[in-house]
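These notes cover the contact between the two chains and a few related points. Please read them beside the coordinates.

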Number of protein chains: 2
Amino acid sequence: MSILIKNALLLPIDDEMTVVENGYVIIEEDTIAAMGAGPAPDVSGTEVVDADGDVLMPGMVNPHCHMAMTLFRGLGEDVDDRLYRYVLPMERKFVTPEMVRVGTRLAALELIEAGVTAVADMYYFEAEVGRAVDEAGIRGVVGQTIADFDPPDHRTIDEGFALTEKLVAEFRGHDRVVPSIAPHAPYSTDIAVMNRVARWSDDHPDVPVQIHLAEMASEMEWCAKNYGMRPVEVVEKAGLLKKGLICAHCLHVNESDIEKMAHAKVCVAHNARSNAKAGRGIAPVEAMRKAGIPVGIATDGPMSGNTLDLFSQFAPVSMFQKLLGHSRKPMPAAEVIRMATIEAARVLSLDRQIGSLKPGKKADLIRIDLSAPRMQPVYDVYATLVFSAMPADVRDVMVAGRWLMRDREVLSLERKKIMRDALQIARQFKAEMARIDAGA
Amino acid sequence: MSILIKNALLLPIDDEMTVVENGYVIIEEDTIAAMGAGPAPDVSGTEVVDADGDVLMPGMVNPHCHMAMTLFRGLGEDVDDRLYRYVLPMERKFVTPEMVRVGTRLAALELIEAGVTAVADMYYFEAEVGRAVDEAGIRGVVGQTIADFDPPDHRTIDEGFALTEKLVAEFRGHDRVVPSIAPHAPYSTDIAVMNRVARWSDDHPDVPVQIHLAEMASEMEWCAKNYGMRPVEVVEKAGLLKKGLICAHCLHVNESDIEKMAHAKVCVAHNARSNAKAGRGIAPVEAMRKAGIPVGIATDGPMSGNTLDLFSQFAPVSMFQKLLGHSRKPMPAAEVIRMATIEAARVLSLDRQIGSLKPGKKADLIRIDLSAPRMQPVYDVYATLVFSAMPADVRDVMVAGRWLMRDREVLSLERKKIMRDALQIARQFKAEMARIDAGA
């Protein structure tokens, strides 16, 4: 059984950012079989979908997230010391496989509703994340965190590696779930541990490595004090700065850091809202991209960026670079969309399968309705997507040839149960916050 | 006939930013008659609406807009010289009463769908704006532009004043439409003209004055070169810096300017996205508010900010002040919501009628559904509204006791006709852009 989607405003996301009016796509099994402009060919035995002029584009890719943290969304907003006041104590107390499962399912529901079809995650009990991603039908690079700060799922680094090995064994060869290892950050994972990850990674070249890098002023100070180095230099010294490393944040990178990163062929997940909401600053995205580093638009966890959709990031991503450049020109709309699709796929080393629409690639695609008054008229469809479109405009979502959402109804997940489970855990969190606040 | 809305998460927007669970509001004619917490009283002969736990709050107030420019939305995005390349020539050629009517109707549709119930406008043929606002059922402060640059509707300043007099005559005493006069900006309206507006305003104390102020580096240079002064000083010298003046932008204001503005009791419309998208910078909102200046959150025209909803402004407004303050603390979520409601109403001198919910105030209110996965859980409803809510979450909109939208269907405007008319004009604009680009 194949599927034909016709009469679409097709955005394949090629080098020229071509816009195809009246385009069609033919999907066979999990793959794009053909596509083109003009009247669609007659394919017998085919499900035919008339896109009615809506945008058809690749599913979006969110290359840095902590999905299960949906359950913490908005908790301690505007509080500077919330990490030590609420988050770490509550994570230690409440993060269980069950909590990770519930929080990740809620995240998956939100991602599908927003047209995000692939996500990179870093958290705890990561096998649960992999299972929830699998169940939701989306793609995920699921990273088991390795850290020194007594995290909820491993008391020793050996235990952390054991969890990673189990994760890799469970998902090796999976179509959509890629197991990954995630040393937390230079300030929270000893350089010897990072070096151990680097050596482990040499033996597991198909397992992507994710890390938080050069995110905070306090991290700069910590690295200077403990190593006499900048964070990028610490990671380099650990042997971890190598091809395909997914580096989240990278706010505090100077010319020399960027040169090292480009030379090593690492990738960057840019978290505009998360960085700005914490008052941390603006990452030099234009400079990194100019150096040839792929930069994808990410959300960070929902406690930091609140939502997991990329639409909410688009205007900030663009505005921040325009502010840095004192001009309207930097980070034009088409580039923003590129960074949410093919470039983000490259960040996750998935660009041979996804991130653009062309025959032979996986059929991960979304349909976006531009008819809301707030989006009209359309002079430049990329500007419309970046500055006017919102998650509620996404109508249909397909991953690997399977419909995950039709006409705003998510088909792969049980919405009511997910919401009920999430709110039950949130009630416990609220009670704990009240206890913390009463004791303070 | 009265209306009872019950079982709401009521946000009256009082000094304490109280959150009332299970709240109700009773509306008689165009006014809030009663409100409270707990089970609603039994009022016979009343339309009863069960809000099902949704947020009920005052309609939002957008204190700076150029509504008719919806027709230019996204045109020349990312182009630095677009003002001289496209906008001014196209305005001269295409801005007619008909174009203003169509563009303003499209804007009104978008405003209602986004829960914005009052708007301040500055444009040309402003009587058309007033009529479209009236027809839409929202509130508007409609400002006739007065400018030196040969604008589309007046060749001389005398003609500009004549248009203003006609506007005032047409709308004097109107329930929802407040006529206003709008000298364009210190760089585009001669100081003698601004002084004439100031004297005219002395004779018309009920007509609000709006101006663009301290928006651009080029404006600073122009004022320095022509007057040896800063823009705020020029406006002061013209006699225009006085109580209730609605100043849009105010990016380039120093301590001395802020002191003058606070002393004169002027108000500010803050256009975060518009300012940032142009690479112009971040207005010192915290400093202005600390000085006692009311600051409302505005969108600017849709060519600058793209959308007219305030949700799209919330995260930028908050993030920008957190970036300036290098901390999570500045501009907390509850303050953002205050600046979108009661404080914006104060900017328009409408705070005795609207901007908060309390008995005796006009029944301008909106219902917002928080059930989308992207908004759950809710630990702090203001954080949810600022960082997760979007226009599509607004379900119902009421102005002066009249439903303008129920369950996302706008009742006061003909959507299909408006969209058709808008797209017809947009086709002319596209053809003109092509001509300009071909000739360049």
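1. Lys322(A) and Asp78(B) pair through their side chains in a salt bridge, N to O at 2.7 Å. The term stands for a side-chain nitrogen of Lys or Arg within 4 Å of a carboxyl oxygen of Asp or Glu. Between chain B and chain A the count is two salt bridges.

2. This is a predicted model, in which local features need pLDDT of at least 70, side-chain atom pairs count only at pLDDT 80 or more, and totals for chains, interfaces and linings use all residues; side-chain values use heavy atoms, with hydrogens and water left out. Residues are numbered from 1 along each chain as its sequence is written, while chains are lettered from A and ligands numbered from 1 in the order in which they are written.

3. How many residues of chain B are in contact with chain A? The number is 63, and they meet 63 residues of chain A, with contact taken as heavy atoms within 4.5 Å. On the chain B side, 33 of these residues are nonpolar, 12 polar and 18 charged. Here Ala, Val, Leu, Ile, Met, Phe, Trp, Tyr, Cys and Pro are nonpolar, Asp, Glu, Lys and Arg charged, and the others, Gly among them, polar.

4. About 5,300 Å² is buried between chain B and chain A, and carbon and sulfur atoms give 62% of this area. Buried area is the accessible area (1.4 Å probe) that two parts lose on being put together, summed over both. In chain B, the residues losing the most area to chain A are Asp78(B), Arg328(B) and Tyr379(B), together 18% of what that side buries.

5. Chain B superposes on chain A by a rotation of 180° with 0.0 Å of shift along its axis, at RMSD 0.0 Å.

6. Over all chains the salt-bridge count is 70. One pair lies within chain A: Asp407(A) and Arg395(A), whose closest N and O atoms are 3.3 Å apart. Asp407(A) sits in the loop between β16 (402-406) and β17 (409-410), and Arg395(A) in strand β15 (residues 394-399), 12 residues apart. Strands (E, at least two residues) and helices (H or I, at least four) are DSSP runs, numbered from the N terminus.

Conventions. Least-squares fit on C-alpha atoms with pLDDT ≥ 70 in both.
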